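The following explanation leads through the side-chain contacts of one protein model. Please consult the sequence and the coordinates alongside the text.

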Amino acid sequence: MSHELYAVLGVSKDASQDEVKKAYRDAALKWHPDRNQDSHEAEEKFKTISDAYETLGDPDKRRLYDMTIELPNGTNIDPEEAGRLFSAVFGSYMDDAIPIFRKYASAYQRVQDTKLEKKRKKSRKKREPRGEIVLEQGGRKLRIGRRK
């Protein structure tokens, strides 16, 4: 998959969504199979145009398409495929099979546990009653006094 979808619709790479939509409409009307009956070429061209618009017409798909990596030999790799290849070779960042990742994962977990414990201690200090009287009646609590 190269950056040929823009050429199929006849727009530049920096074309707006409205320009892409207009180019698709024009090309679809020109190559629609109902207008070009008994033409196998028109049918194939219409399918190609529809596929191009399906990718370029959706902003998220277009962003991913624009991020494809073109290799020197002319092949292309999309970002998701590059991530799968990286994980296959190096493992995921939290892979326990690779000792260095296990080391960093455990260090990260310790830091997070320390932060969580500090938050818990801080919230316990705030909730400790000092000089309060608590009255309970019918499942309701009434606190009298003030915190220092």
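**Aromatic pairs and charged contacts**

Tyr6 and Tyr65 are both buried. In this predicted model, the rings of Tyr6 and Tyr65 form one of 2 aromatic pairs.

Tyr24 and Tyr53 are stacked, because their planes lie at 10° with the ring centres 4.2 Å apart, and planes under 30 degrees apart count as stacked. This pair also links distant parts of the chain: Tyr24 lies in helix H2 (residues 17–31) and Tyr53 in helix H3 (residues 40–56), 29 residues apart. Tyr53 has 23% relative accessibility and therefore counts as partly exposed.

A charged group also meets an aromatic ring: Lys45 lies over the face of Trp31, 5.5 Å from the ring centre.

The structure has 4 salt bridges. One of them joins Asp26 to Lys22, with the closest N and O atoms 3.3 Å apart. These two residues are 4 apart in helix H2, so about one helical turn separates them. Asp26 is partly exposed at 42% relative accessibility, whereas Lys22 is exposed at 52%.

In helix H3, Glu43 and Lys47 are likewise 4 residues apart, about one turn of the helix, and their side chains form a salt bridge at 3.8 Å, N to O. Glu43 is partly exposed at 33%, as is Lys47 at 43%.

Another salt bridge connects Lys61 and Glu54 at 3.7 Å, N to O. Lys61 is partly exposed, with a relative accessible area of 36%, and Glu54 is partly exposed at 47%.

Technical notes. Residues are numbered from 1 along each chain as its sequence is written. This is a predicted model: local features need pLDDT of at least 70, side-chain atom pairs count only at pLDDT 80 or more; totals for chains, interfaces and linings use all residues. Side-chain values use heavy atoms; hydrogens and water are left out. Rings of Phe, Tyr and Trp (its six-membered ring) pair if their centres lie within 6.5 Å; planes under 30 degrees apart count as stacked, over 60 as edge-to-face and the rest as tilted. Buried means under 20% relative accessible area, exposed over 50%, partly exposed in between (1.4 Å probe, protein chains only). A charge sits over a ring if NZ of Lys or CZ of Arg is within 6 Å of the ring centre and within 35 degrees of the ring normal.
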